[in-house]
Amino acid sequence: SDRPRALSGIQPTAGSFHLGNYLGAIRQYTALQESHDAFYMVVDLHAITVPQDPAVLRANTRLAAAQLLAAGLDPQRCTLFVQSHVPEHAQLGWVMNCITGFGEASRMTQFKDKSAKQGADRTTVGLFTYPVLQVADILLYQADSVPVGEDQRQHVELTRDLAERFNGRFGHTFTVPSPHIVKETAKIYDLQDPSIKMSKSASTTKGLINLLDEPKATAKKVKSAVTDTGSEIVFDAENKPGVSNLLTIFSTLTGTTIGDLEARYTGKGYGALKTDLADVMVDFVTPFRDRTQEFLEDPETLDALLATGAEKARAVAAETLATAYDRIGF
Ligand code: ADP
Ligand code: NA
C-alpha cells in the first residue's frame, strides 16, 4: 500500500473505555482507517506495568478488542491486533531502552503522574520504561501518524527524538512520526471536575463516563454534570470549563457545530442542554454496548480475527526489526 501509515494503541486495563478515550483517540482511529494503512493494537504489555490479575487481563484484552470493533474499526480496512502476539515490540523496546537517557526518561510526565500514584516502592521499572516501549510500538510500523489525545504528545515527541537519534547514529532506519491530535477533542474533562481530564485513574466516579455502563446511569451522570456560574450557554474554555466540555461532547457526537448549539440554547438554561445531551449520550452508548456484547458472544471469531491481525502486523514488524538489528551489528 502506498498510503501513509498510522499506528496507535490502547490499554485493556480498565475494562470499559471511557468517553475521553473515544473522543480523543478511538474516533480518530476509525477516521484514519479510511485514509491510512492503519495498525491498532490492544497494549497488554503496557498493562502489566502495574499489578494485574491474569484472568482479568485476558478478559479485558478481548473486551478492548470487542469495543474497538464496536466503535467502527473494520479488520478489512485496518490491522487490529494484541501487542503481546507480536514479540518484536519487546525486542525493539530493548534496543530503544539502550539509546534513551535516564534523565530523558525521568522527564516523562505520564510516568511521574503514574508513579506518584503508585508510590516509589510499588513503581516498577516497567512503568519507568513504558514510554520507551511505546516508541518501539510506533517505529516498528514506520508510522507517519499517531492518533492520540493531548496527554500522549510528549511520548510522540520522545519517539521523534529517538528515531532521529537512531537514524543519525546507524543510518536511516525509521520513519519519524507526527502526532495526530484533534484539537477540539484532545482533552475531554471530568464531568464533575472540569479542571482535570477524564481518566480511568484520576476521574471522580460521577464524572467518568464509561461507555459500557448502564445507559440510564450514564444519562444521570450527564444530567448532574457540574456547570459554571452564570446561565448563558457559550463556549468559553477558561471561564466556563464545565459548559464548554459539554458543548464539545455534544458537538462531536452529533456533528453539530458549537456555534449552532450556542444559537439553539440561547435563552435556555443549563438544564435543557444537559437533558438533551443525556439523550444524545444514551443514543450513542446503547448501540455501542450492544455491538460490544455481540462481538464478545463469539470469542472464536474474535480470537481468529486477532490472530490474523497479529500475522499481518508481524510481517511489518519483523522486517523493521531485522533492519534495525542489522544496523546495530547483530
Ligand atoms: P487513560 O488516560 O484513561 O489512562 P489510556 O492511557 O489507555 O487511558 O488512553 C488511551 C487513549 O485515549 C490515548 O490516546 C489518550 O491520549 C486518550 N485519552 C485518554 N483520556 C483522554 C481524555 N480525557 N481526553 C482525550 N483523550 C484521552
Ligand atoms: Na492516557
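1. How far is an oxygen atom of ligand 1 from an N or O atom in the side chain of K197? The separation is 3.4 Å. The model is a predicted one, and every distance in this note should be read with that in mind.

2. The surroundings of ligand 1 come next. There are 19 residues around ligand 1, and those that come nearest are H18, G149, D151, I188 and M198. Two of these have a polar side-chain atom facing an oxygen atom of the ligand in the distance list: for H18 the separation is 2.8 Å, and for D151 it is 2.4 Å. Taken alone, ligand 1 would expose 540 Å², and the protein buries 96% of that area.

3. D137 carries an annotation. The UniProt record, an unreviewed entry, gives this position as "binding site". D137 belongs to helix α7, which covers residues 125–139. Is D137 buried or exposed? D137 is buried, because its relative accessibility is 1% and the cut-off for buried is under 20%.

4. The contacts of D137 reach several parts of the chain. Apart from neighbours within four places in sequence, D137 is in contact with L7, M41, V43, H46, Q83 and H89. With H89 there is also a polar contact between the two side chains, at 2.8 Å.

5. M41, one of the residues in contact with D137, stands opposite F81 of strand β3. Strand β2 (residues 37–42) and β3 run parallel and are joined by four bridges.

6. Strand β3 spans residues 79–82 and is covered on both faces. T79 and F81 are buried on one side, and L80 and V82 are buried on the other. In a regular strand, side chains alternate between the two faces of the sheet.

7. Q11 sits in the loop between β1 (5–10) and α1 (19–35). The side chain of Q11 makes a polar contact of 2.9 Å with the side chain of T13. Beyond the residues within four places in sequence, Q11 is in contact with F17, V43, H46, A47, K114 and K200. V43 and H46 are also among the contacts of D137.

8. Q142 deserves a look at its backbone. Its phi is positive, about 50°, although Q142 is not a glycine. The residue is in the loop between α7 and β4 (145–147). Q142 counts as buried because its relative accessible area is 19%, and the cut-off is under 20%.

9. Q118 is part of helix α6, residues 109–118. Not counting residues up to four places away in sequence, Q118 touches V50, P51, T123 and L127. Y141 is 23 residues from Q118 along the chain, and the C-alpha atoms of the two are separated by 32 Å.

10. Y265 lies in the loop between α11 (258–264) and α12 (270–296). Although in a loop, Y265 is buried, because its relative accessibility is 1%. P131 is 134 residues away along the chain, with 43 Å between the C-alpha atoms of P131 and Y265.

Definitions and conventions: Residues numbered from 1 in each chain as written. Chains lettered and ligands numbered in written order. Predicted model: local features only at pLDDT ≥ 70, side-chain atom pairs only at ≥ 80, totals over all residues. Heavy atoms only, no water. UniProt positions renumbered as here; feature names shortened; annotations may be inferred. Helix = DSSP H or I, 4+ residues; strand = E, 2+ residues; numbered from the N terminus. Buried < 20%, exposed > 50% of the residue type's maximum accessible area, 1.4 Å probe, protein only. Contact = heavy atoms within 4.5 Å. Polar contact = N/O pair within 3.5 Å; in protein donor to acceptor, adjacent residues only side chain to side chain. Near = heavy atom within 4 Å. Areas by Shrake-Rupley, 256 points an atom, 1.4 Å probe, with all protein chains shown as cover. Pairing = 2+ DSSP bridges.
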